[in-house]
Amino acid sequence: MRIGVLTSGGDCPGLNAVIRSVVHRAVVDHGDEVIGFHDGWKGLLDGDFRKLDLDAVGGILARGGTILGSSRVQPAHLRGGVEQARGHVADLGLDAIIPIGGEGTLKAANLLSEAGLPIVGVPKTIDNDIASTDVTFGFDTAVGVATEALDRLKTTAESHQRVLIVEVMGRHTGWIALHSGMAAGAHAIVVPERPFDIDELTEVVGERFSAGKKFAIVVVAEGAKPRAGTSMEVEQGTKDIYGHERFAGMATQLSTELEQRLGKEARPVILGHVQRGGTPTAYDRVLATRFGWHAVEAAHRGEFGMMTALRGTDIVMVPLGEAVETLKTVPAERYAEAECVL
Ligand code: F6P
């Protein structure tokens, strides 16, 4: 079998572990040939690739980022490139393509699969917002980074009696905010699924100071928004060329607002891309390796138009179409467990 693999969209710790696993399983166990397309779908559309043998994936298990490079592609560009992609797949004699990516990549994978290309998807994202899989690799690493940052920020917040508003990634969902906030014992957690009321948030933080506490830590997901009809005007973000919202910085806006309302010094801290850089945790390496292994097996069974997913402790295959229908948001019951709900 000849398999093409690519990584697309925002990078994520564990991508290299999937690439390595695909090559090991395919080359060593099945005698397949594997090629890697450069910079995501762009590599497939341009026919830009390299051969991946065991040497090519040596020593990458623990390395962050992706050895293949990644990029985003505009949906219209991809739609216009279906025939081009089909041509490259035929010319290269590919029997399967394994794209590793998040929401946008998997939608693109579904589109190409519906156009008849032999696709087996592998979900990734630090945001953990892909439906149909219990967890995506990258999430555990990101939560670890954010939790460590929160632990550190607590001590400086306490020394200066400040409110620190810590912005974590999560454009549509608050999984990183919820898990890191719970793990670090944050005093308020603000997630996109539950638009906030600034009066309520001020009250929660204010009550802490009234109770004699000297500092407060608020974790906010970058995509958090105020509840309609509440009293905070927020700056609107812009859109990037792929149609993704570029956020105007909720931590900064909340910091200004809370400082004025509470009369306490406040500071915004935006963790940003540090959450998705660097070495993956052991959990993410294992999940990524299992996804790679199962993607190759699915390709050999001819299970195209499917995606690897974690259900409980098992890896199962789910239809790509189903996986991209909705995002996995934080349910109200999970948010309620955080003990610092708004
Ligand atoms: O990978 C998803 C994500 O981490 C989002 O949470 C975040 O908004 C986005 O990537 C930022 O990506 P970039 O700056 O690379 O466009």
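## Close-up views of a predicted model

**View 1. Glu103 sits in helix 5.** Helices (DSSP runs of H or I, at least four residues) and strands (runs of E, at least two) are numbered from the N terminus. This is a predicted model, in which local features need pLDDT of at least 70 and side-chain atom pairs pLDDT 80 or more, while totals for chains, interfaces and linings use all residues. Residues are numbered from 1 along each chain as its sequence is written, and side-chain values use heavy atoms, with hydrogens and water left out. Take a look at Glu103: its relative accessibility is 27%, so Glu103 counts as partly exposed (buried is under 20% relative accessible area, exposed over 50%, partly exposed in between, with a 1.4 Å probe and protein chains only). Leaving aside residues up to four places away in sequence, Glu103 touches Ile130, His172 and Leu327 (contact means heavy atoms within 4.5 Å). An unreviewed UniProt entry lists Glu103 under "binding site"; such annotations may be inferred rather than shown by experiment.

**View 2. The largest pocket holds about 1,200 Å³ of space.** Gly10, Arg72, Glu103, Arg171 and His244 are the closest to its centre among the 42 residues that line the largest pocket. A pocket is an open set of points on a 1 Å grid over the protein atoms alone, where a 1.4 Å probe fits and protein lies on both sides within 12 Å along at least five of seven lines; lining residues have an atom within 4 Å of a point. The volume is the space filled by probe spheres set on the points. Which elements give two or more residues to this lining? They are helix 3 (75–80), helix 5 (103–114), strand 6 (163–168) and strand 10 (245–246). Helix 5 gives the largest share, six residues. By type, the lining of the largest pocket has twelve nonpolar, 15 polar and 15 charged residues (Asp, Glu, Lys and Arg count as charged; Gly is among the polar ones).

**View 3. The chain is divided into domain 1 (2–138 + 280–323) and domain 2 (141–276).** Where the two domains are in contact, 16 residues come from domain 1 and 14 residues from domain 2. Their centres, taken over C-alpha atoms, are 33 Å apart. Each domain also gives at least three residues to the lining of the largest pocket. The domain bounds come from an automatic or database assignment.

**View 4. Asp127 lies in the loop between strand 5 (120–123) and helix 6 (139–160).** Is Asp127 buried or exposed? Asp127 counts as buried because its relative accessibility is 13%. Its contacts, not counting residues up to four places away in sequence, are Met169, Gly170, Arg171, Thr173, Trp175 and Ile176. UniProt, in an unreviewed entry, lists Asp127 under "active site".

**View 5. Helix 1 (residues 15–30) includes Leu15 and His30.** Leu15 has a relative accessible area of 1%, so Leu15 is buried. Beyond residues up to four places away in sequence, Leu15 touches Thr7, Gly65, Thr66, Ile100, Lys124 and Phe137. Leu15 and Leu68 are 53 residues apart in sequence, with 9.3 Å between their C-alpha atoms. His30, at 30% relative accessibility, is partly exposed. With the exclusion of residues up to four places away in sequence, His30 touches Arg25, Val296, Glu297 and His300. His30 and Leu164 are 134 residues apart in sequence and 53 Å apart in space, C-alpha to C-alpha.
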